[in-house]
Amino acid sequence: MSQSVEEMQPPADNRAVESCDDFRQRIRRFRRLHLQLPLCTRATCPTCGEVVDAQFTRVGDQVVLKFGCDTCGPRSEVHHDRIWSDGRSDVPGSPETTFSGAAIKPVLRRLPRTVETLCPECSSIILGRYFVQDGKVMIEKHCPEHGHFIDCVNSDALLYSKAAWWSFEEAPGQKYPQTIGTGNCPSDCGLCGQHLSSPCLAQIDLTNRCNMRCPVCFANAGVTGRVFEPPYEEIVRQLQVLRDLRPTPCTAIQFTGGEPTVHPDFLKIVSTARDMGFSHIQIATNGLTLANEDFARRCIEAGLHTIYMQFDGVGDEPHRLTRNYPNLWSKKVAAIENCRKTGMKICLVPTILKGVNDNQVGEIFKFAVKNIDVISAISYQPVSFTGRIDPGELKARRYTLGDLAHGIAEASGASPLQDMFPLSVVVPLSQILEALTGKPKIRPSCHPDCAFGTYFLISPDGKAYPFPRVIDVEGMFSEMNQIARRITLRGRATKLDMWRTWRMFKRHFNEKQAPPGLTLKRFIRSLQGLVDKNIGRGEGQKQTYHTLLCAGMHFQDRYNYDVERVKRCVILYSTPKGVFPFCAYNCGPEYRPLVEAAWRTEST
């Protein structure tokens with residue numbers, strides 16, 4: 001039975017609220033230590049590779065790290081910096097402050113560079129640095145209490161550097177942040193005035209109950225000793241918070257958990273979200289309940305569009321290793337078939353651990369291509385390590401977007417360097433649609449480190465063609481951004497703008513490399529179908545070309561955390577205690593346990 005909002009309130013003496021405030025104070029307790037230079041730290045000597053005493057200092061206008069290595073003698077490296085250095089965006093027209101007046105620190109594109117990060121032991125905000133070692137991008141940091149830590153951010157420094165250059169104008173954040181003042185990220189969630197992006201896909205946890213017990217669950221669903229299951233009325237309030245966001249109301253919602261379908265009001269919540277104006281509704285699910293055809297049909301009748309389905313490989317063995325649930329593969333197959341029958345689309349969501357199921361990256365891709373009529377995307381998720389992990393185990397299991405890019409390439413024939421881009425490269429598509437239609441569009445203005453991959457066009461004979469072979473991605477999106485900027489400055493679109501947009505597509509479309517049956521007109525219609533269900537689904541889908549998004553989104557953890565990434569997060573959680581970026585709620589600082597403790601309904 002659902003409980004009222006009043007019954008969901010924290011215990012009477014507000015201890016949960018106080019503990020959250022104490023937590024915020026604790027994680028920013030060292031921040032004042034790196035407000036001024038010089039700053040003593042520990043760092044890896046660039047010559048011998050040993051961890052030695054080091055010091056950040058200023059030499060003229062540059063921030064320099066000086067190494068005090070007993071073996072190699074003094075060494076110095078200039079670091080690109082936004083912590084102690086002023087700087088403006090290198091993109092014309094990019095705002096310098098958020099709507100709340102907080103200064104925007106532009107994305108740093110070169111290495112080595114300084115970074116505000118977190119201590120893996122205590123979550124405190126500390127200073128770190130990104131640097132290249134043996135062709136990999138590494139992060140290292142030194143906590144005043146817990147010492148030195150090092151981790152791999154990306155196994156391919158060249159791919160990392162390419163991605164760094166493919167972001168456009170900064171977003172100015174939210175007009176009405178929920179935290180007073182400009183805030184200190186990530187200790188003042190959520191959202192504070194420093195947050196830059198609007199949600200591409202918002203999340204609401206319906207419950208922490210689950211019908212599985214996955215050993216890799218970042219939510220620790222079902223094992224916390226308490227039930228977190230907000231009633232229908234509270235979920236509606238959280239939905240309204242998302243619809244009230246400005247400058248862009250949220251239009252895409254994902255219900256998560258736990259297993260969201262076990263909430264007693266699940267179908268009612270889905271239909272309410274549809275009636276409130278959410279144009280895209282999906283659920284993050286293990287697929288067990290959708291193996292029932294009757295339930296799947298009730299889901300689509302309620303307004304569910306997409307299944308974001310846990311999928312760690314093809315066959316029983318990969319799921320045994322990551323999920324430890326009997327006969328899970330047959331349930332996955334049944335759920336996929338029911339989605340095919342009902343017209344819902346599926347995004348496969350594999351959690352990838354090196355040495356466990358990374359050999360499944362290619363198999364998952366091939367499975368998606370064979371089932372392209374019902375599977376529209378693969379969102380690979382390199383594992384995020386919550387809590388503590390042994391340094392040796394961290395090194396052995398860390399799987400990065402660079403690893404993933406090469407795994408996808410091996411299966412598909414794509415070139416990581418030529419065919420793959422960060423998600424932020426498609427921001428101009430949102431900008432030009434908004435400029436041409438006059439309607440707000442969600443834009444994936446996340447940090448270029450967050451997500452990396454490509455779209456594929458899938459021909460009728462089952463062959464995958466990377467988008468960048470068919471369209472000049474770099475030229476098209478750069479020109480698209482210029483056209484959108486001109487329209488925005490003028491305040492209206494003209495027929496000439498429409499003609500220029502058409503010419504842009506024609507100029508950058510490579511007809512000779514296009515798969516069979518793909519004309520320029522059909523290609524443009526397929527792009528429209530990615531953002532408009534009236535075109536991309538049902539009868540309209542017959543006039544488009546099958547596309548498959550194949551990308552990885554690497555959620556952060558305390559070992560590889562970058563505060564500038566979380567400021568730009570586009571996957572936001574609406575909760576009873578505010579709106580939180582994904583990498584503040586589930587990992588890094590981990591606000592989830594505080595929210596769930598404050599809003600628990602009962603003990604188990």
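This is a predicted model: local features need pLDDT of at least 70, side-chain atom pairs count only at pLDDT 80 or more; totals for chains, interfaces and linings use all residues.

Me: Which elements give two or more residues to its lining?

Reply: Strand 8 (147–154), helix 2 (157–164), helix 10 (401–412) and strand 18 (451–458) each give two or more residues to the lining of the largest cavity. Helix 2 gives the most, with three residues.

Me: How many residues line the largest cavity, and which lie nearest its centre?

Reply: The lining has 16 residues. Val153, Asn154, Tyr160, Leu401 and Asp449 are those nearest the centre.

Me: And how does that lining divide by class?

Reply: The lining of the largest cavity has nine nonpolar, five polar and two charged residues.

Me: Changing topic, how many cavities of 30 Å³ or more are there?

Reply: The count comes to six cavities of 30 Å³ or more.

Me: How much space lies in the second largest cavity?

Reply: About 140 Å³ of space lies in the second largest cavity.

Me: Which residues lie nearest the centre of that one?

Reply: Arg82, Leu108, Arg113, Thr114 and Glu564 lie nearest the centre of the second largest cavity, out of 13 lining residues.

Me: Which strand gives the most to that lining?

Reply: Strand 5 (residues 113–118) gives the most to the lining of the second largest cavity, contributing four residues.

Me: What is the division by class there?

Reply: The lining of the second largest cavity comprises six charged, five nonpolar and two polar residues.

Terms used. Residues are numbered from 1 along each chain as its sequence is written. Side-chain values use heavy atoms; hydrogens and water are left out. On a 1 Å grid over the protein atoms alone, a cavity is a set of points where a 1.4 Å probe fits but cannot get out, and a pocket is an open set with protein on both sides within 12 Å along at least five of seven lines; lining residues have an atom within 4 Å of a point. Grid points are joined across faces, edges and corners, and a volume is the space filled by probe spheres set on the points. Ala, Val, Leu, Ile, Met, Phe, Trp, Tyr, Cys and Pro count as nonpolar, Asp, Glu, Lys and Arg as charged, and the others, Gly among them, as polar.
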